[in-house]
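This report goes through the pockets, the nonpolar core and the salt bridges of one model. Please keep the sequence and the structure in view while reading.

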Amino acid sequence: MAERSEPISFRLPAPYAKELMQRAADQGESVGEHARRIVIDSLTDAATQELREELGELRKLVTAVREDFATAVVALLTQKSPYSREDAEAWVKKTFFR
């Protein structure tokens, strides 16, 4: 016996609707079939979800490393150059956090 399905409807802004229609036509599907496939693929693609979660963790790690690096550069500039702490922080901000 086929699994019961539920009707779902939603609106898309015109540019996205146009893109959806084009992609459906390219795949030889109706817009509804194509939208359904996109939603199901998105909901069931565990690998993609895992990659998204890992990417989020990597972004956090990169941010932390950049902040630690900036702190180290400020410390070096204030100890080994004529920069004041404020000038060093401003230079680091301008140079590394554009």
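## Second largest pocket

Helices α1 and α2 each supply at least two residues of the lining of the second largest pocket. Helices here are DSSP runs (H or I, at least four residues), numbered from the N terminus. The model is predicted, so local features need pLDDT of at least 70 and side-chain atom pairs count only at pLDDT 80 or more, while totals for chains, interfaces and linings use all residues. Residues are numbered from 1 along each chain as its sequence is written, and side-chain values use heavy atoms, with hydrogens and water left out.

The lining of this second largest pocket consists of Phe10, Leu12, Tyr16, Glu19, Leu20, Arg23, Ala35, Ile38 and Val39. A pocket is defined on a 1 Å grid over the protein atoms alone, as an open set of points where a 1.4 Å probe fits, with protein on both sides within 12 Å along at least five of seven lines; lining residues have an atom within 4 Å of a point. Helix α1 gives the most to the lining, with 4 residues. By class, 7 of the lining residues are nonpolar, none is polar and 2 are charged. In this scheme Ala, Val, Leu, Ile, Met, Phe, Trp, Tyr, Cys and Pro count as nonpolar, Asp, Glu, Lys and Arg as charged, and the others, Gly among them, as polar. The volume of the second largest pocket is about 170 Å³, a volume being the space filled by probe spheres set on the grid points, which are joined across faces, edges and corners.

## Largest pocket

The largest pocket has a volume of about 490 Å³. It is lined by 19 residues, of which Ile8, Phe10, Ala35, Arg36 and Val39 are the closest to its centre. The elements that give two or more residues to this lining are α1 (14–27) and α2 (31–44). Helix α2 provides the largest share, 7 residues. The lining divides into 12 nonpolar, 3 polar and 4 charged residues.

## Nonpolar core

Ala70, Val73, Val74, Leu77, Ala88 and Val92 make up the largest nonpolar core, which has 6 residues. Such a core is a set of buried Ala, Val, Leu, Ile, Met, Phe, Trp, Tyr and Cys residues joined through side-chain atoms within 4.5 Å. Buried means under 20% relative accessible area, exposed over 50%, and partly exposed in between (1.4 Å probe, protein chains only). At least two residues of the core come from each of α3 (46–80) and α4 (85–96), and α3 gives the largest share, 4 residues. In soluble globular proteins, nonpolar side chains tend to be buried together.

Residues up to four places away in sequence aside, Val74 touches Arg85, Ala88, Glu89 and Val92, where contact means heavy atoms within 4.5 Å.

Trp91 lies in helix α4 and is partly exposed, with a relative accessible area of 31%. Beyond its neighbours within four places in sequence, Trp91 is in contact with Val73, Leu77, Tyr83 and Phe96. The C-alpha atoms of Trp91 and Val73 are separated by 9.7 Å, and the two residues are 18 residues apart along the chain.

Lys93 also has its place in helix α4. Its relative accessible area is 59%, which makes Lys93 exposed. Lys93 and Ala70 are 23 residues apart in sequence, with 7.9 Å from C-alpha to C-alpha.

## Salt bridges

The structure holds 6 salt bridges, each a side-chain nitrogen of Lys or Arg within 4 Å of a carboxyl oxygen of Asp or Glu. Side chains of opposite charge can pair when their charged atoms come close. One of the bridges joins Glu57 and Lys60, at 3.6 Å from N to O. Both residues lie in helix α3, 3 residues apart, about one turn of the helix. Glu57 is partly exposed at 49% relative accessibility, and Lys60 is exposed at 55%.

In helix α4, Arg85 and Glu89 are 4 residues apart, about one turn of the helix. They form a salt bridge whose closest N and O atoms are 3.2 Å apart. Arg85 is partly exposed at 47%, as is Glu89 at 37%. Elsewhere, salt bridges that share partners join Glu29, Arg37 and Asp41 into one network. Within it, the closest N and O atoms of Arg37 and Glu29 are 3.0 Å apart. Arg37 is partly exposed at 30%, and Glu29 is partly exposed at 22%.
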